[in-house]
Amino acid sequence: QVQLVESGGGLVQAGGSLRLSCAASGRTFSYYTMGWFRQAPGKEREFVAAISRSSGVTYYADSVKGRFSISRDNAKNTVYLQMDSLKPEDTAVYYCASTLEWGRNIDYNYWGQGTQVTVSS
């Protein structure tokens, strides 16, 4: 069982930055692919970014490429999402998730409770 707890959300003006963190329980954090997803009101949850076990590979949704950066610290059992040049359309609840799989279309098994990000225009 993996427990994930997100933090770092908040209210920011367009063009600003936020850094989300996701702390994971357990000793096997480094075994897991970690991902970030988001869900805006009235919309389906969508993929944002993912990072491989060793941080060697990352990939992003086209909508955030060049503005967001995912990273992880396996010693701290934490994954981060640095969000720059934020836009109002980035407003959503952001979730981190983990899986033992790797790839672009995979199932994530464990989810955090989410953290709200609101970008004002």
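A: Set aside the neighbours within four places in sequence, and Arg72 is in contact (heavy atoms within 4.5 Å) with Phe29, Ser30, Tyr32, Thr33, Met34, Ile51, Ser52, Arg53, Ser55, Thr78, Val79 and Tyr80. The model is predicted: local features need pLDDT of at least 70, side-chain atom pairs count only at pLDDT 80 or more, and totals for chains, interfaces and linings use all residues. Numbering runs from 1 along each chain as its sequence is written, and side-chain values use heavy atoms, without hydrogens or water.

Arg72 sits in strand E7, residues 68-73; strands are DSSP runs of at least two residues, numbered from the N terminus.

Backbone oxygens do approach the Arg72 side chain. That of Phe29 is reached at 2.9 Å. The backbone oxygen of Tyr32 lies 2.7 Å from a polar atom of the Arg72 side chain.

Now the covalent link. The whole structure holds 1 disulfide, a pair of cysteine sulfur atoms within 2.5 Å. Cys22 is joined to Cys96, S to S 1.9 Å. The link of Cys22 and Cys96 is right-handed, with 45 degrees about the S-S bond. Cys22 lies in strand E3 (residues 18-24) and Cys96 in strand E9 (residues 92-99), so the pair ties together parts 74 residues apart in sequence. Both Cys22 and Cys96 are buried.

Note on methods:
Helices (H or I, at least four residues) and strands (E, at least two) are DSSP runs, numbered from the N terminus. A polar contact is a pair of N or O atoms within 3.5 Å; within protein, one must be able to donate a hydrogen and the other to accept it, and residues adjacent in sequence count only if both atoms are side-chain atoms. Buried means under 20% relative accessible area, exposed over 50%, partly exposed in between (1.4 Å probe, protein chains only).
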